[in-house]
Amino acid sequence: MESWRRSPKTFLALGLPPTAWLLLFFLIPIGIVWAFSFGEKVGIVDIDITGTFANYDRAFEAVYLQIMVKSLIMAGLTTLVCIAVGFPVAFLITFAPARWKPWLLLLIILPFWTNLLIRTYAMIAVLRTNNGFLNMGLEAIWDAADAVTGLFGLAALGAFQPWDILYSDAAVLIGMVYVFLPFAVLPLYSTLERLDTNFLEASLDLGAGHLKTFFSIVVPLAGPGIASAVIITFIPALGSFLQPDLLGGTDSQLIANVIERQFLSANDWPFGGALSFLLMYITFIAIAARAFLTRPNERRGSLPA
Amino acid sequence: MIKRKPRPISRRSLLAGTGAVAAGLTFAPKLGWTAEEAKVNFYNWDTYIGETTLDDFEDATGISVTMDLFADNDELFSKLKEGNPGYDLIVPTNDYAERMILAGMLEPLDHSLIPNKKNINPAFQDANFDPGRKYTMPYMWGTMGIGYRKSKVDGIPDSWKWLMDSDRYKGRVALLSDSQGVFSAAAKYLGKSVNFTDEADVKAIEDLLTKNKPNIKVFADDNGQDLLLSGTVDLTMEWNGDINQVIEEDDDLAYVVPKEGSLIWQDTLAIPTGAPHPINAHKLIDYILDADAGAKIADFIQYATANEAARQLLSDAYRENPAIFPPQEVLGRCESAVYRGEGVQRMINDAWTRVLAA
């Protein structure tokens, strides 16, 4: 990319607006929050930037560490389920007939056309105990099973007991997977799409089974895509506060809920800033780990056939 | 970029300095008051004004009203604390109004522009959070209490015990997720003032809430009335107006203010500092305090109005509804929250985080 040397004016004209945008609306606000994280509250609305580390100290208190660990576990589980479910989906789309592909991809992107808040509220209607769609479905199956056992003169199954899943960590997990699944499928698909199918044919010809081919050929070749999918799912999952708020029970709060409260009801922006930046550091570490992990995979992926 | 200055920099001046909100800040110099455009920007709660009030006001005065909505006091406060983005009239609740007065976020009112102040109930002519009503006019008031499903509870659950210290209704109880509200109710149950400031009181409340947490189904995000209506819970801590709305849909629901007393709140009309149309805002306040206009508002939103002249115009069904106007002896045990400083605020918030993490 030496073109900027040949036409610096074009480069400047193209590069300036996004740079200015990033600077004004991303770097400066983030810089302000970062500065607040080294500040102290000195009144109702005033913050004194003193360079103190007290906010970071406080963030390492046991209660916040406990919430942080729980958030990491929840985000990790979300990522795991998203990859486990997303991989077969991406695989199927890749090998679907060409005329279906745009429609299948559209189905993946479709949820983005509805606001996240609305979709999360919709999950309440699905999961709730009374008149929830999940429990209505389960009840229908239960009743059918009951009718069948009755038909064969077996003991009745008894009354249907609804599954009390809403307002629990499980509901939060379901909500998070639902929201972040498309983020996992898209990078996986874009990697699998570029996969050279000759490798698969060679593997099958040489006597490896489908399963062995999948795990020894497809998964390693898709390594960078998996890593991207993990990162792009894990990071927003770590920052989600809507799902614990709306679907969670009495102990489902995650670190993002604590941060949200610092900026609203607690009115403690310095502490909220410190917690946010701790999350940001974890994110940086994850991205660095990705770069470190995917390098050998990329080399393997570019081996001459 | 940000350096320590001899005088602490406020966030407001910091942001104004960077120009990030400079465009949004509109200062109204007192000289310019005479030449105001015929507009007023109203920042209000949802479903908290009469159906036709704003149109009627425009017909009467020629001033058009733009109304934005906020969901809670925290949102209102956060939105205004970095500088007024252009609102003329806001509706903060008493303790938040007090906090905003202390932070210089409200403009003093000119009582000569509000002749309808005479319509206000004598009990609301003055206020402990705003002596002399220099900054605020009362709008609506109400209580926090227990909304419940009559067919699913034994008798009237008129004690905080059923929400705070009992497994009788295990898994069928919701509390608000608002830390101030929960701590106030727990304080009342423990026989303390809602305006406790002692660390030991905070600890006692934290222990009570932590111990009772297994009996709670969910901390409701101000949607306790929906949980009650859908049958997800049978008892919920809520604001009276929210429960009144679902009582209209389901007559198996009821509301009670617990016998230990509760939190009484008052929403106020106030003009934020830097309002671009303060004269028009005064006119709108005066219009809301008018007897007829006030009656239409109260009749529509079904909250207790502080406008006595308006209340006189309304039906007995409204005036004698115990869920709107609780009995006098219960009211006597209720307290309104005062602003207790940022330190207490932090103690409560930290304790709440620990309760949720427990």
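Helices here are DSSP runs of at least four residues, numbered from the N terminus. By that count, Leu314(B) lies in the loop between helix H12 (308–312) and helix H13 (316–319) of chain B. The model is predicted.

Leu314(B) counts as buried, because its relative accessibility is 10% and the cut-off for buried is under 20%. Neighbours within four places in sequence aside, Leu314(B) is in contact with Ala295(B), Ala298(B), Asp299(B) and Arg319(B). Asp55(B) is 259 residues away from Leu314(B) in sequence. The C-alpha atoms of Leu314(B) and Asp55(B) are 21 Å apart in space.

The side chain of Asn84(B) reaches the backbone nitrogen of Tyr87(B) at 2.7 Å. A polar atom of the Asn84(B) side chain also lies 3.3 Å from the backbone oxygen of Thr273(B). Ala275(B) is 191 residues from Asn84(B) in sequence. In space, the C-alpha atoms of Asn84(B) and Ala275(B) are 7.0 Å apart.

In chain A, helix H2 spans residues 8–36. Helix H2(A) has a kink of about 35°, centred on Leu23(A). The buried residues of H2(A) are Ile32(A), Ala35(A) and Phe36(A). In an α-helix, residues three or four places apart point the same way, because there are 3.6 residues a turn.

Helix H8 of chain A covers residues 169–193 and includes Pro187(A). Pro187(A) is buried, at a relative accessible area of 15%. Gly225(A) lies 38 residues from Pro187(A) along the chain, and their C-alpha atoms are separated by 5.6 Å. Beyond neighbours within four places in sequence, Pro187(A) is in contact with Gly225(A), Ser228(A), Ala229(A) and Ile232(A).

Chain A also contains a helix pair, H9 (residues 197–205) and H10 (residues 210–221). The axes of H9(A) and H10(A) come within 10 Å and cross at roughly 150°. H9(A) is therefore roughly antiparallel to H10(A), as angles over 145 degrees count as such. The crossing of H9(A) past H10(A) is right-handed. On H9(A), the contact is made by Phe199(A), Leu200(A), Ser203(A) and Leu204(A). On H10(A), the contact is made by His210(A), Thr213(A), Ile217(A), Val218(A) and Leu221(A).

Note on methods: Residues are numbered from 1 along each chain as its sequence is written. Chains are lettered from A and ligands numbered from 1 in the order in which they are written. This is a predicted model: local features need pLDDT of at least 70, side-chain atom pairs count only at pLDDT 80 or more; totals for chains, interfaces and linings use all residues. Side-chain values use heavy atoms; hydrogens and water are left out. A polar contact is a pair of N or O atoms within 3.5 Å; within protein, one must be able to donate a hydrogen and the other to accept it, and residues adjacent in sequence count only if both atoms are side-chain atoms. The bend at a residue is the angle between axes fitted to the seven residues ending there and the seven starting there. Helices (H or I, at least four residues) and strands (E, at least two) are DSSP runs, numbered from the N terminus. Buried means under 20% relative accessible area, exposed over 50%, partly exposed in between (1.4 Å probe, protein chains only). Axes are lines fitted to C-alpha atoms, for helices over the stretch in contact, and angles run from 0 to 180 degrees between N-to-C directions. Angles under 35 degrees count as roughly parallel, over 145 as roughly antiparallel, 65 to 115 as roughly perpendicular and the rest as oblique. A crossing is left-handed if the near helix is turned anticlockwise from the far one by less than a right angle, and right-handed if clockwise. Contact means heavy atoms within 4.5 Å.
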